[in-house]
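This report goes through one protein model, beginning with a single residue and ending with the chain as a whole. The sequence and structure come next.

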Amino acid sequence: MKSLRPAGLITAAVVLLVDQLAKFIMTGPLGIDHLGAVREITSFFDLRFVPNFGVSLGLFQADGAMMRWGLVALTAAIAIGVLVWMTREKNRQDQIALGFVLGGAIGNILDRVRLGYVVDFADLHFGEWRPFLVFNVADAAITIGVLVLLVRALLVRDKPKNGQDTGAERAPVENLNA
């Protein structure tokens, strides 16, 4: 691996710490640790215990030990890929976005290894309409990181540094037949 990128690694560590602390507070001191446990915060946001046995959007439900460890292996492989990308990434904003993704992925992997499921608890709703499934800090961090990467890839073009030739500014080749 090339040199470590401290901005991304620090971001990943902070996301992981906040995620695990939030899950501990939910399931420990607040006692939101079983199905049906809910604490209303506002008319549109509740803390609600939901064990997530699947991955994104509840897909690929791990209904047995083999599937559980398969999901751990798959998400760990993705996390390793993100870490490798981060070590090669030169852009600081992309490093930080990758740190959000990595920290969130590790937080959810830890849950799945320790508990067999991921602890979800944040329930945003407007009446009965829920724009998202119940989620956690790790899920939010992954989503934010991916969105930042997409926006930067699609809409933001980094300008080349002085001295770098992009090919666009080359002088036209003269007609040699003249």
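## A buried asparagine

Asn136 sits in the loop between β3 (118-124) and α4. The model is a predicted one. Asn136 has a relative accessible area of 2%, under the 20% limit, and therefore counts as buried.

The side chain of Asn136 makes a polar contact of 3.2 Å with the side chain of Asn108. Setting aside neighbours within four places in sequence, the contacts of Asn136 are Asp19, Lys23, Asn108, Val118, Val119, Asp120 and Phe121. Two of these names, Asp19 and Lys23, return below in a network of salt bridges.

Asp111 belongs to helix α3. Its relative accessible area is 0%, so Asp111 is buried. Beyond the residues up to four places away in sequence, Asp111 touches Gln20, Lys23, Gly116, Tyr117, Val118 and Val119.

One of the salt bridges of the structure joins Asp111 to Lys23, with 2.8 Å between the closest N and O atoms. This pair connects distant parts of the chain: Asp111 is in helix α3 (residues 92-115) and Lys23 in helix α1, 88 residues apart. Is Lys23 buried or exposed? Lys23 is buried, because its relative accessibility is 3%, and the limit for that class is 20%.

Asp111 also forms a salt bridge with Arg114, where the closest N and O atoms are 3.5 Å apart. Arg114 and Asp111 are 3 residues apart in helix α3, so about one helical turn separates them. Arg114 has a relative accessible area of 52% and is therefore exposed, whereas Asp111 is buried at 0%. Through shared partners, salt bridges join Asp19, Lys23, Asp111 and Arg114 into one network.

## Other salt bridges

How many salt bridges does the structure hold? The number is 7. Among them is the pair of Arg48 and Asp46, whose side chains meet at 3.3 Å, N to O. Arg48 is partly exposed, because its relative accessible area is 23%. Asp46, with a relative accessible area of 7%, is buried.

## Helix α1 and Val18

Helix α1 covers residues 6-27 and includes Val18. Val18 has a relative accessibility of 42%, so the residue falls in the partly exposed class. Its C-alpha is 9.2 Å from that of Gly107, although Val18 and Gly107 are 89 residues apart in sequence.

## Nonpolar cores

The largest nonpolar core has 12 residues: Ala12, Val72, Ala79, Val82, Met86, Ala97, Leu98, Val101, Leu102, Ala105, Ile109 and Leu149. Two or more residues of this core come from each of α2 (65-88) and α3. The largest share, 6 residues, is from α3.

Val72, a member of the largest core, is in contact with Ile109, Arg112 and Val113, not counting residues up to four places away in sequence.

## A nonpolar surface patch

Which residues form a nonpolar patch on the surface? They are Val146, Leu147, Leu150, Val151, Leu154, Leu155 and Val156, and together they have about 640 Å² of accessible area. Val156 is in the segment after α4 (137-155). With 36% relative accessibility, Val156 counts as partly exposed.

## The chain as a whole

The secondary structure consists of 4 helices and 3 strands. Along the sequence, the elements follow the pattern α-β-β-α-α-β-α.

The protein has 178 residues, and 34% of them are buried. Of the contacts with a separation of 6 or more, 63% are between residues 24 or more positions apart. The protein exposes about 11500 Å², of which carbon and sulfur atoms supply 67%.

Key. Residues are numbered from 1 along each chain as its sequence is written. This is a predicted model: local features need pLDDT of at least 70, side-chain atom pairs count only at pLDDT 80 or more; totals for chains, interfaces and linings use all residues. Side-chain values use heavy atoms; hydrogens and water are left out. Buried means under 20% relative accessible area, exposed over 50%, partly exposed in between (1.4 Å probe, protein chains only). A salt bridge is a side-chain nitrogen of Lys or Arg within 4 Å of a carboxyl oxygen of Asp or Glu. Patches are made of residues with over 30% relative accessible area and no salt bridge: like charges are joined within 9 Å, nonpolar side chains (Val, Leu, Ile, Met, Phe, Trp, Tyr) within 5 Å. Accessible areas come from the Shrake-Rupley method with a 1.4 Å probe; for residues, only the protein chains shown count as cover. Contact means heavy atoms within 4.5 Å. A nonpolar core is a set of buried Ala, Val, Leu, Ile, Met, Phe, Trp, Tyr and Cys residues joined through side-chain atoms within 4.5 Å. A polar contact is a pair of N or O atoms within 3.5 Å; within protein, one must be able to donate a hydrogen and the other to accept it, and residues adjacent in sequence count only if both atoms are side-chain atoms.
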